[in-house]
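Subject: Structure handover

Hello,

Please find the structure below, for you to take over.

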Number of protein chains: 2
Amino acid sequence: MMKTDIEISQAAQMEPIQKIAEKAGFDAAIVEPYGNSKAKINVFEDHTERKMGKLVLVTSINPTPAGEGKSTVSVGLADALQKLTGSTMLALREPSLGPVMGMKGGATGGGYAQVVPMDDINLHFTGDMHALTAANNTLAALIDNHIQQGNDLNIEPRSISWKRALDINDRALRNVVIGLGGRFSGVPREDGFDITVASELMAVLCLSKNLHDLKTRINRIVIANNTDGKPVTVGDLQVGGAITVLLKDALKPNLVQTLEHTPALMHGGPFANIAHGCNSVLATQTALKYADYAVTEAGFGADLGAEKFLDIKTPVLGKTPDTVVIVATIRALKYNGGQKLKDLTNENLEALKNGFKNLQRHIKNMQSYNVPVVVAINQFVSDTEDEIKLLDQLVSDMGVKIVNTNVWEHGGAGASDLAQAVVESTTETHDDFKRLYDNNLSVKDKIETVVSNIYGGNKVEYSSKAEKKLKEIDTNGWSNLPICIAKTQYSFTDDPKKLGAPSDFTIHVSDLNIKTGAGFIVVLTGNVLTMPGLPKHPAALDIDVDDNGKISGLF
Amino acid sequence: MMKTDIEISQAAQMEPIQKIAEKAGFDAAIVEPYGNSKAKINVFEDHTERKMGKLVLVTSINPTPAGEGKSTVSVGLADALQKLTGSTMLALREPSLGPVMGMKGGATGGGYAQVVPMDDINLHFTGDMHALTAANNTLAALIDNHIQQGNDLNIEPRSISWKRALDINDRALRNVVIGLGGRFSGVPREDGFDITVASELMAVLCLSKNLHDLKTRINRIVIANNTDGKPVTVGDLQVGGAITVLLKDALKPNLVQTLEHTPALMHGGPFANIAHGCNSVLATQTALKYADYAVTEAGFGADLGAEKFLDIKTPVLGKTPDTVVIVATIRALKYNGGQKLKDLTNENLEALKNGFKNLQRHIKNMQSYNVPVVVAINQFVSDTEDEIKLLDQLVSDMGVKIVNTNVWEHGGAGASDLAQAVVESTTETHDDFKRLYDNNLSVKDKIETVVSNIYGGNKVEYSSKAEKKLKEIDTNGWSNLPICIAKTQYSFTDDPKKLGAPSDFTIHVSDLNIKTGAGFIVVLTGNVLTMPGLPKHPAALDIDVDDNGKISGLF
């Protein structure tokens, strides 16, 4: 009988978090325990100067319903690297609670390559999401209160871009009207709720280098225009201090462990379309400073997550990856090559060859930044010998190392070859990191660079709304911010149905949102939902807890 | 230069929370630290049988803008009792974050009678409020999703009584329309947000004896009627397990300390009008089991908080108070006696004599339950010798002990006489506790008993809406639940302007809400707001944090 992820997690013998912290090299004075298996690391009290270790970025092909297992491979790789080198730390995103109640499937890896305690991590963890929700909605309440109390800043209520947020899947809150019920209960206006991980504050938290930087970024967030059309910021409202206070503990990275007791920092988790999709700069930096190898990942496929890691996070982090690991499965490549979901267990070399083009483009994209690439195949029992051989050949022909892994079943032992390949890759000398675009290019030029060089498209069309926003960006002097393209994760194009490696296509820009706190311009293509809904049979129906507090049905 | 509360708190030398836990007698195995100065106590893992100590309930006269300092006296009394007896524990409510951003003034005592760390406690603490918010809104999302996905239970959308909640002061969310934006974004309907502490889940958490009881109560919460007018419960939706999972850690009492290192459990904080206004049964029970003296308090004046403590909480707790301490100030009594707020520093014996009638009725009310009463005067520098003498006489003439305290300035030392009086009072034999009403009385009879015996009114009028609800209560067999009257805290009447001790008045019942999970019927009199607003100059404007994480301007 195969054990479920939560059963494996609950059966795990965790080490006390103080012991993990000690192993990681954290002084006891900067470790703030949250229960016995979680802690926050007060990195602001760490005044030591340290050399940074090697940075390993794990990314993947475009995700498919077949599953790729990027987080699972990240965890297994870290366990293998820890065994090989004795000094490795994971730096991952922390999960959002909303989807936990909706779709089964956690954000803590799977099988024997998990971060634990998975139930705590997937529920309230150390409260970071809740602090972000509270900060987000406190700011919203302060905006509406400002208008109610006389509106000294002349905020135009219809221009308010600061939405409310909940860490929940709740489609009924996407579009709401607030302030009803008469003059003592606010000014009526249209509003909406985003899921907390889609809020600008989440992106701000993940890109802030310290409390000072956090407050500076919060103060420069634009929340509306005034009646003259000029931007109004949090700083104008004079509440940047209060909002920062609400996030001061959330800014500290969270320490947990893998099933094999490798230290893992899980901290921050912005969307990888309307935000940059990486864990916090502070956690990655901490992992780099305390370990010889830091393993981190970026959301969705390499066209979204890795591109944003390299173009948005890397300049703030001040460190480029020493190796990029691209995760793929033979199943997912066959799906990308046209095979139906229900037929994926059948051998199909033709579909694999076709689907390989998706992997091929991601490899070339990463190589264009001058970062070394290793391909990790997350093996399934249905993979045939001929399929494995073919894919080996196709990747090796590109001069790229390809390694099979089986971490779900074997944990770190299933990634020992991958760890070896990664260590070799990071010690090779390679050309200097090559940025994709110069921030001083025009916004359109930046967009077109990503579309042609990363997506493989040949044209960008702008809606009239987008053109209007481009002018506003220009007028306000925001053109030199990097761009963050919100696009479907399933395709290189803006159409989720176009799999593989399409070319000669047009990307349609519908709108742009300026995130002056996070420091990037969101470029919206197609319809990107920032508040998910629950499915017909939500996971909540199967979740339960017994009288002793033991949870079941979580995954 | 007088120090502010936060300056005193930040200068405090706290003991490590493990040391406080040890002092309180908690086995290290049931202590879950949250940082170095907070912990949750896993009371479910405490399988020891223990005798209960003495229960001291602190309550007060009707609150006034002059301030009474009930929490401050509770803290000082606990410190004095700890010094006198060596075995005392505080059991207080935990504060709501919403008001912290609005009005200055915390819920952790003041001066040298504080619970610390006051900034953490007043901000996110151990996440209980956030867990309640998440649980409340997850349930709301599941209700709307049920309707969206086919509505198998035939829920009538206009009958949904389960509102959303945020731990925030946000008047613009009192009345909203949700589900706009077309068929993929829910079913449009009127809705509203309450502040989290006003949610039924908060009351449920505070009245639950263990996880099993918590889940049972959650499952029986009525969230709407179906199209046949029959109640629909959380159990019908089959999500009681998931909602309980979200509250399993929040149910564990939180341990902190006073400035003088007395162990303090701060846990739960329901409103004292639309809910019962006391900290959790589990925390009070834990304090009683581990200490010879447990000091607890109830919200607002004795007409609201203490009445509900005695009629709603006591039957669940299985323990009646061994002494009730009624806190008053000479300033507040003079205000009750007709003196203007700006003149309160002037001596006025006539006003004091008039205002004493408020205290007198509260004393008689408490005595009617056969519980011993001690009056504690929270001294101010403006109190004159003649005023002190007069009040002493008036209270002593009732055969009741009156003790002056000065805990704001002197901490526990300012309440040593009060501690002595309390110990004496709890050791006196007294008649058996006398319940105010039998739950089997009709709802109207229960209401009229409270109005005549506690408030001093002589008539109750019911709106047609209220009459309709009374019939519904009868039809559904809910009549034998205790009642929880929501009334202004400023007066014995339902008119906040009628101070002192009015009599021959009518109480107007506008509506009734059935809280089947909490297990009481809320009786609404007048207009009770369940979502506060922010003031013209919110406290948030003055709150800040420096680059090292030190907070200023909180209080």
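Predicted model: local features only at pLDDT ≥ 70, side-chain atom pairs only at ≥ 80, totals over all residues.

Residues are numbered from 1 along each chain as its sequence is written, chains are lettered from A and ligands numbered from 1 in the order in which they are written, and side-chain values use heavy atoms, with hydrogens and water left out.

Helices

Helices (H or I, at least four residues) and strands (E, at least two) are DSSP runs, numbered from the N terminus. Of the 16 residues of α12(A), 15 are buried, so the helix is largely enclosed by the rest of the structure. Here buried means under 20% relative accessible area, exposed over 50%, and partly exposed in between (1.4 Å probe, protein chains only). After α12(A) comes Gly318(A), with a positive phi near 75°.

In chain B, the axes of helix α7 (residues 200-207) and helix α8 (residues 211-219) come within 9 Å and cross at roughly 150°. Axes are lines fitted to C-alpha atoms, for helices over the stretch in contact, and angles run from 0 to 180 degrees between N-to-C directions. α7(B) and α8(B) are therefore roughly antiparallel to each other (under 35 degrees counts as roughly parallel, over 145 as roughly antiparallel, 65 to 115 as roughly perpendicular and the rest as oblique). Leu201(B), Val204(B), Leu205(B) and Leu207(B) on the α7(B) side meet Asp213(B), Leu214(B), Arg217(B) and Ile218(B) in α8(B); contact means heavy atoms within 4.5 Å.

Backbone angles

Most residues other than glycine have a negative phi, and most peptide bonds are trans. In chain A, Val116(A) and Pro117(A) are joined by a cis peptide bond with omega about 0°, and Pro117(A) sits in the loop between β6 (113-116) and α5 (118-122). In chain B, a cis peptide bond with omega about 0° links Val116(B) and Pro117(B).

His261(A) is not a glycine, yet its phi is positive, about 70°. This residue is in the loop between β13 (254-258) and β14 (263-266) of chain A, and is buried at a relative accessible area of 18%. Gln238(B) also has a positive phi, near 65°. Gln238(B) lies in the loop between α9 (234-237) and α10 (240-247) of chain B and counts as exposed, at 55% relative accessibility.

Ala264(A) belongs to strand β14 of chain A and is buried, at 0% relative accessibility. Leaving aside neighbours within four places in sequence, its contacts include Leu90(A), Val115(A) and Val256(A).

Gln489(B) is in the loop between β20 (483-486) and β21 (506-515) of chain B and counts as buried, at 14% relative accessibility. Beyond neighbours within four places in sequence, Gln489(B) contacts residues including Asn62(B), Asn273(B) and Phe300(B).

Regards
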